[in-house]
Amino acid sequence: MRIAIIGAGLAGLTAAYELREHDVDVYEATDRIGGKLHTVAFEAGPTDMGAEAFLARRADIVDFVAELGLTGSLVEPSGLGSLVYTGGSAKPLPRGGVMGVPSSGRAVAHLVSAETAARIDAEADAPGFDWDVDGDRSVGELVRERYGDEVADRVVSALLGGVYSCSADDLGVRATVPQLAAELDRLAAGGAPVHLSVAVKNLEDSRAELPSGQGPVFTTFREGYQELYEALAEKSGADIYVDAFISGIVRDGGGFRLAGGEDVVYDRVIVATPAPTAALLLKGVAPEASARLSTVKLANSVVVGMRFASSDGLPENSGVLVAADEEGLTAKAFTFSSRKWPHLAERGGALVRASFGRFGDDIALRATEDELVDAALDDLATITGFDGRAAGLEEIYVQRWLGGLPRFDPAHLATVAAVDEQLEATPGIVATGAWAGGVGVPSVIAHARAAATKAVS
């Protein structure tokens, strides 16, 4: 079977690997493979400027890494805690809760007013709220309604902004915090009043019942994510074409041709691109799916990687998030990579990643590299007291992620379901990617593997 895959990011390369027994061509519009995974060659060693870790508690990804022969490359984090900068100072990020949503006022009392802490504790005694087990609603809207603005801005948006490059108000509960949505479903289905604090407490209790000794929550690759995407490319056996822009898919008898691809009729085509690109590619062969995909919005962001000669004065933490309501700062988060990852600390000096950009702002488009680096250094000094200029800034890498992440808003899952249904009526065409399966590396891999199986079934 002759198969074309459009997109050589994680989803496309995973699909190619799954289909290695077939004749596969992979087309990538840019000059490199890996997509939103990008390991750059700092003098001190390979450094990730995209995703930097994955959930180690998912057996499917752990088994997949083992299948690729990469288990020996996995490294563990230091376990240092994170901070959140709010009210003009950096404070410990609360542990527990669900993506920053607490079950009690005590957990966030150091970040919010006494009135807000009391409101959280009283939430279970207030009238419950309506929860649609077949729908979704904004995380920010729900948290503001039940707990107030301080929790939404200082904790939840700070956390979600780092993962999704969006504020809590732009994201759906079911789309981004599915475990919380599932517990709210359970409460609603049981006929009990639905309370946010009760749902979060139930999830905390269920985690406490898990056996101890499960190891770290996150892990990564010693030489960066290049180990993963290069292994997938090599072991797939596919012909991979970079700088190969595909402008459309057209039918040719019982198969398909790619505008801009090889002069070949393909039996199957897998579209593994961001949603807007997929919408354009599918326009001629699956117009209804194309129309639905075109409604998916993307968030822009920027990562500024900085390597310093000295780490003196850098906090003994894994990183710091910036509260969404904090004024006077440009960055949304810093990862103290050489504190977070012992294998990076072994290189000496300090490695720090600054993150900028949430859905709706234009910093990724308008700011120059010099402006971004200056903002990163200034904000880092304001938040931590660490003077990066004095510490000796030895290397810089600025990575713009234009349209890097889809906005998982309350309508997103319904959109994905509609696209899946419409593509079922288009035999030979399958779509995958972060917009379809979720932004985390395990989710992207799982969806791509399922898409590959679907393509040849």
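Five strands line up in an open sheet, in the order 10-2-1-13-19, and their pairing is parallel. Strands here are DSSP runs of type E with at least two residues, helices are H or I runs of at least four, and both are numbered from the N terminus. Two strands count as paired if DSSP finds at least two bridges between them. Strand 10 (239-241) and strand 19 (429-431) sit at the edges with a single partner strand each, so one side of each has no neighbour in the sheet. From one strand to the next, the twist averages 15°.

Some ground rules before going on. This is a predicted model, where local features need pLDDT of at least 70 and side-chain atom pairs count only at pLDDT 80 or more, while totals for chains, interfaces and linings use all residues. Residues are numbered from 1 along each chain as its sequence is written, and side-chain values use heavy atoms, with hydrogens and water left out.

Back in the sheet, strand 1 (residues 2-6) and strand 2 (residues 23-27) run parallel and are joined by five bridges. Ile 6 stands opposite Tyr 27 of strand 2. In a regular strand, side chains alternate between the two faces of the sheet.

Helix 19 lies across strand 1, strand 13 (268-271) and strand 19, and runs at about 175° to strand 19. Angles go from 0 to 180 degrees between N-to-C directions, and axes are lines fitted to C-alpha atoms, for helices over the stretch in contact.

Helix 19 also packs with two other helices. With helix 1 (residues 10-18), the angle is about 45° and the axes are 8 Å apart. Helix 1 and helix 19 are therefore oblique to each other; under 35 degrees would count as roughly parallel, over 145 as roughly antiparallel, 65 to 115 as roughly perpendicular, and the rest is oblique. On the helix 1 side, the contact (heavy atoms within 4.5 Å) is made by Leu 10, Ala 11, Thr 14, Ala 15 and Glu 18, which face Val 441, Val 444, Ile 445, Ala 448, Arg 449 and Ala 452 of helix 19. By class, that contact of helix 1 with helix 19 has eight nonpolar, one polar and two charged residues. Nonpolar covers Ala, Val, Leu, Ile, Met, Phe, Trp, Tyr, Cys and Pro, charged covers Asp, Glu, Lys and Arg, and the others, Gly among them, are polar.

Helix 2 (residues 59-67) meets helix 19 (residues 441-456) at about 75°, with the axes 10 Å apart. That makes helix 2 roughly perpendicular to helix 19. Here Asp 60, Ile 61, Phe 64 and Glu 67 touch Val 441, Pro 442, Ile 445, Ala 446 and Arg 449 of helix 19. The contact of helix 2 with helix 19 has six nonpolar, no polar and three charged residues.

Now for some antiparallel pairs:

| Strands | Bridges | Facing residues |
|---|---|---|
| Strand 11 (residues 248-252) and strand 12 (residues 255-259) | five | Ile 249 and Leu 258 |
| Strand 5 (residues 54-55) and strand 9 (residues 218-221) | two | Leu 55 and Phe 218 |
| Strand 6 (residues 74-75) and strand 9 | two | Val 75 and Thr 220 |

Strand 11 and strand 12 form a hairpin with two residues between the strands, where Gly 253 takes a positive phi near 65°.

Last stop: Asp 31, in the loop between strand 2 and strand 3 (39-42). Asp 31 is exposed, at 59% relative accessible area (exposed is over 50%, buried under 20%, partly exposed in between, with a 1.4 Å probe and protein chains only). Beyond its neighbours within four places in sequence, Asp 31 contacts Val 242 and Asp 243.
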